[in-house]
Amino acid sequence: MTNLRQLAKQAISRYYVASGATTLKEKILNRQRNQAFRIFAYHRITKVISAPNPFSQSMNVSPTDFQQQIDFLTQRFSILSLKEIAGRIEQQKPISPKTVAITFDDGYLDIFTNAFPILRERNLPAMIFLATDYISTNRMFWWDELEARIEGIDFSDVRKWASHYFSVKVSHSKNHFYHNLVNRLSTMAANQFEHFWEHFREEFPDILLDIYSHLSWKHIRLMKRNNIHFGSHTKSHAILTRTPKNNWAEELAGSKQILETNLRTKVDWLAYPRGSYHDVGKEAVIAAKKAGYKWGVMNESGVNHPRSDRFRLRRIPVYGHESFDTFLCRCYGLL
Ligand SMILES: [Zn+2]
């Protein structure tokens with residue numbers, strides 16, 4: 001997202017809050033009788049790490065901001081676990097339109113170190129969606145590896161290599177370049193993706209940074225005893241639309257089984273990696289059902305109702321670079 005768009009969004013949010021639009025929405029919500037629930041999607045709770053690239057900035061919410069957001073939600077909304085919401089839907093019990101749930105994708109260690117203490121102190125539930133291949137390992141997600149390798153070397157070398165590899169002129173700004181590359185890699189066919197990494201790794205040295213650490217089974221079990229639930233985010237963080245279909249069952253059913261064996265509990269929830277409308281098509285839903293899931297969440301913003309498609313529930317994103325006003329506007333559906 002460009003800076004200009006960010007600034008515009010901030011200005012609009014400030015206007016909505018100052019003009020009383022959020023307060024009005026709050027009043028409307030208090031009087032509403034329809035049933036609804038909102039699911040918030042977080043990734044990492046950490047201070048912005050060394051690389052000032054836009055992708056990290058948006059995925060990393062600072063612990064201070066997280067605490068402020070959670071305190072607001074505790075005061076104005078009712079935070080329930082997804083399990084509780086699912087139970088209410090199944091038993092046709094009422095769901096107040098002020099119901100919210102907290103989720104985290106990917107399973108970074110900082111959820112344990114920075115988010116869990118805030119949640120535990122307030123006895124709040126949440127669900128963490130785990131990519132099982134990464135649990136208790138020091139492997140990096142590809143976007144983190146990209147960042148770590150780009151950060152560790154002279155940018156002009158990366159530019160030169162990338163211009164040659166993609167046969168296109170590459171942006172002078174490191175941030176812009178990184179952002180474009182992430183977008184490009186997210187939509188690449190599997191074989192092209194493998195080819196890119198084979199060459200990229202060969203060209204640039206391996207730099208391991210522990211800021212990209214993942215949760216271990218020990219952390220996961222400890223949180224499980226404290227109101228935190230777990231869902232699947234596939235085994236390898238597979239974006240289904242880019243993954244060969246014959247690997248889908250392994251990614252979906254395989255990760256479910258690993259979680260169930262290690263946690264000794266049923267795992268009914270799936271968060272589709274990337275999770276855009278495009279990624280959660282008919283075939284993805286059929287595969288999720290076949291793998292034994294009962295519920296699926298996307299990364300498309302919006303409010304859910306008891307009759308919403310259980311395999312295409314929406315989530316409201318929370319971005320680290322956005323202001324508290326913007327968060328408020330997102331809570332009330334103004335953005
Ligand atoms: Zn993810």
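**Exercise 1. How many of the five residues of strand β6 (residues 126-130) are buried?**

Keep in mind that you're working on a predicted model.

*Solution.* 
- Step 1: run through the strand and you get five of five buried, so β6 counts as mostly covered.
- Step 2: sort the side chains by face. In a regular strand they alternate between the two faces of the sheet.
- Step 3: here one side carries Ala126, Ile128 and Leu130, while Met127 and Phe129 sit on the other, and both faces are covered.

**Exercise 2. Work out which strands pair with β6, and in what sense.**

*Solution.* 
- Step 1: take β5 (residues 99-106). It pairs with β6 in the parallel sense, over four bridges. Within this pairing, aspartate 106 stands opposite leucine 130.
- Step 2: From β5 the chain goes through helix α6 (residues 110-121) and on to β6, a right-handed β-α-β crossover.
- Step 3: now take β7 (residues 228-232). This strand is also parallel to β6, with five bridges, and its phenylalanine 230 stands opposite isoleucine 128.

**Exercise 3. Look at the positive phi values of arginine 264 and arginine 274, and say how exposed each residue is.**

*Solution.* 
- Step 1: recall the background. Most residues other than glycine have a negative phi.
- Step 2: arginine 264 has phi near 50° and lies in the loop between α12 (248-263) and β8 (269-271). With 9 other C-beta atoms within 10 Å, arginine 264 is exposed, because the cut-off for that is 12 or fewer.
- Step 3: arginine 274 has phi near 65° and belongs to the loop between β8 and α13 (282-290). Its count is 19 within 10 Å, so arginine 274 is partly exposed; buried would take 20 or more.

Definitions and conventions: Residues are numbered from 1 along each chain as its sequence is written. This is a predicted model: local features need pLDDT of at least 70, side-chain atom pairs count only at pLDDT 80 or more; totals for chains, interfaces and linings use all residues. Helices (H or I, at least four residues) and strands (E, at least two) are DSSP runs, numbered from the N terminus. Two strands pair if DSSP finds at least two bridges between them. A crossover is right-handed if, with the strands pointing away from the viewer, the path from the first strand over the helix to the second runs clockwise.
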